[in-house]
Amino acid sequence: MAIVGDGPAGTTLAALLARKGMRVALFARGRPTGLVVGESLVPAVTPILRELGIEDEVRSYGVVKPGATFVQRDREIVAFRFADTAGRLPGYAYNVPRDRFDATLLEACRRSGADILPERAQLEVDPVAPARVRLAEASLNAARDLLGGTPDVIVDASGRANTLARLLDLPFDVGDRNDFALFAHCEGVPLDNAGHVHMDHLETGWCWRIPVGENRVSLGIVVHPDAVSGFGRDATAQFDGILQADPHLKQLTASGRRVTPALRYGNYQRTNLRGVGPGWALVGDAFGFVDPIFSSGLFLAMDGARALADAVCAGTQRAYRRYEDRELRHYAAWRRLVSYYYDGRIFELIRLGHPQRANWIGRLVNPHVTRHVSRILTGESTTAPYSRWLLGFTITHGLRGAGESELRIR
């Protein structure tokens with residue numbers, strides 16, 4: 001097998017397969033140093049860290065994440081502790097500097113016995129079978145030397161570059177929003193709850209605050225491009241400009257300072273509608289990316305890698321189709337949850353049981369629903385059919401006729 005890409009999805013998949021005795025060649029072009037988007041894990045990732053044998057190392061440099069905090073536009077704070085609602089999962093996760101986390105995963109991959117090729121893989125459409133891809137000659141020769149032959153399966157784990165999907169012109173779906181994220185590391189930015197990932201409403205868009213080290217916070221701003229168009233094209237200039245333009249951000253950073261240049265990420269909410277084909281598969285962001293809210297990216301990548309490893313070991317077309325169906329359901333579930341955040345319904349749902357809101361469904365099920373809402377933040381709700389059904393039911397029936405929410409993201 002050849003795996004293209006050395007991000008968390010690719011390295012997790014390579015490590016799991018190599019541990020099962022499979023011959024794996026991982027094309028590792030080298031990860032970016034410094035800032036990489038996706039610095040907050042959810043509790044559902046912690047068992048995968050244990051399976052890979054790296055939790056102790058991650059703990060040595062990561063920040064323990066005991067929960068998540070939302071700051072609404074009216075500055076009402078809603079906080080969740082994972083330990084209160086984690087169910088079968090650990091009651092904590094980690095915030096991590098991504099360069100170190102990616103290096104930890106790559107080393108785990110190497111220790112597991114996968115062969116690592118320090119180069120970019122070159123793919124091309126098979127001229128004889130246009131529904132297939134193959135390694136171009138130079139990449140094929142490198143992989144053949146390690147694998148003892150031509151790889152039977154090529155996995156695209158190249159991230160949002162969508163290398164294989166673009167080559168094969170695969171169908172895809174996109175979400176309703178066309179945002180991008182600007183983020184940098186800052187010092188002196190306050191937190192409402194230690195260790196928590198924070199998600200704050202802004203006048204336009206929202207921001208995250210992720211503690212990633214002593215007195216260091218990853219500050220990210222998710223907005224429509226029009227909101228920063230007046231600050232020039234440079235990512236750092238746009239970041240600094242919106243810090244001064246938005247009252248909440250200006251207050252948060254009044255005593256802080258940016259200590260890194262800012263980076264800009266786009267191409268959100270894209271999901272390919274096919275994830276497997278003859279001799280190929282997609283995993284992680286190369287299959288789909290939902291949104292940075294709820295810290296779902298690394299969970300979807302690493303959980304998807306574990307599911308694909310099971311399919312590869314089974315080795316049947318049916319197993320690959322089950323993997324594809326599972327991931328498409330998973331992405332669809334996350335997209336529904338994300339929509340509840342952006343349109344404000346998830347917070348309206350939490351408010352349902354307040355005495356001043358005379359809603360019989362809210363009074364009846366609010367404590368139960370709140371527990372399942374919080375499981376979104378652990379990663380458990382999208383894999384539990386009951387949680388998905390309950391949230392959908394209460395939002396559909398409990399909020400019927402509520403109109404546009406004041407808590408929506410503008």
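Start by selecting β14 and β15, a hairpin with two residues between its strands, where Asn215 in the turn has a positive phi of about 60°. (Strands here are DSSP runs of E, at least two residues long, and helices are runs of H or I, at least four residues long, both numbered from the N terminus.) Before you go on, keep in mind that this is a predicted model: local features need pLDDT of at least 70, side-chain atom pairs count only at pLDDT 80 or more, and totals for chains, interfaces and linings use all residues. Residues are numbered from 1 along each chain as its sequence is written, and side-chain values use heavy atoms, with hydrogens and water left out.

**Stop 1: around β15**

Colour β15, residues 216-223. How many of its eight residues are buried? Seven of them are, where buried means under 20% relative accessible area, exposed means over 50%, and partly exposed is in between (1.4 Å probe, protein chains only). Now show the partners of β15. Strand β14 (residues 206-213) runs antiparallel to β15, joined by seven bridges; look for Arg209 opposite Leu219. Strand β12 (residues 180-187) also pairs with β15 in the antiparallel sense, over eight bridges, and there Phe183 faces Gly220. Two strands count as paired if DSSP finds at least two bridges between them.

**Stop 2: the three-strand sheet**

Next, select β11, β18 and β21. They make an open sheet in the order β11-β18-β21, with antiparallel pairing. β11 (172-174) and β21 (288-289) are the edge strands, each with a single partner, so one side of each has no neighbour in the sheet. Zoom in on β18 (residues 270-272), which is linked to β21 by two bridges; Thr271 has Gly288 as its bridge partner.

**Stop 3: helix α11**

Within α11 (residues 317-342), pick Glu324. Is Glu324 buried or exposed? At 6% relative accessibility, Glu324 counts as buried. Leaving aside neighbours within four places in sequence, Glu324 is in contact with Leu273, Arg274, Gly275, Val276 and Phe287, contact meaning heavy atoms within 4.5 Å.

**Stop 4: two loops with positive phi**

Jump to Arg75, in the loop between β4 (67-71) and β5 (77-81). Phi of Arg75 is positive, near 70°, in a residue other than glycine, and Arg75 is partly exposed at 34% relative accessible area. Then try Ser295, in the loop between β21 and α10 (297-314). Ser295 also has a positive phi, near 55°, but it counts as buried, at 11% relative accessibility.

**Stop 5: cysteines and the whole chain**

Show Cys109, buried at 0% relative accessible area, and Cys186, buried at 2%. The structure holds zero disulfides, a disulfide being a pair of cysteine sulfur atoms within 2.5 Å.

Finally, zoom out. The protein chain has 14 helices and 21 strands, and 57% of its 410 residues are buried.
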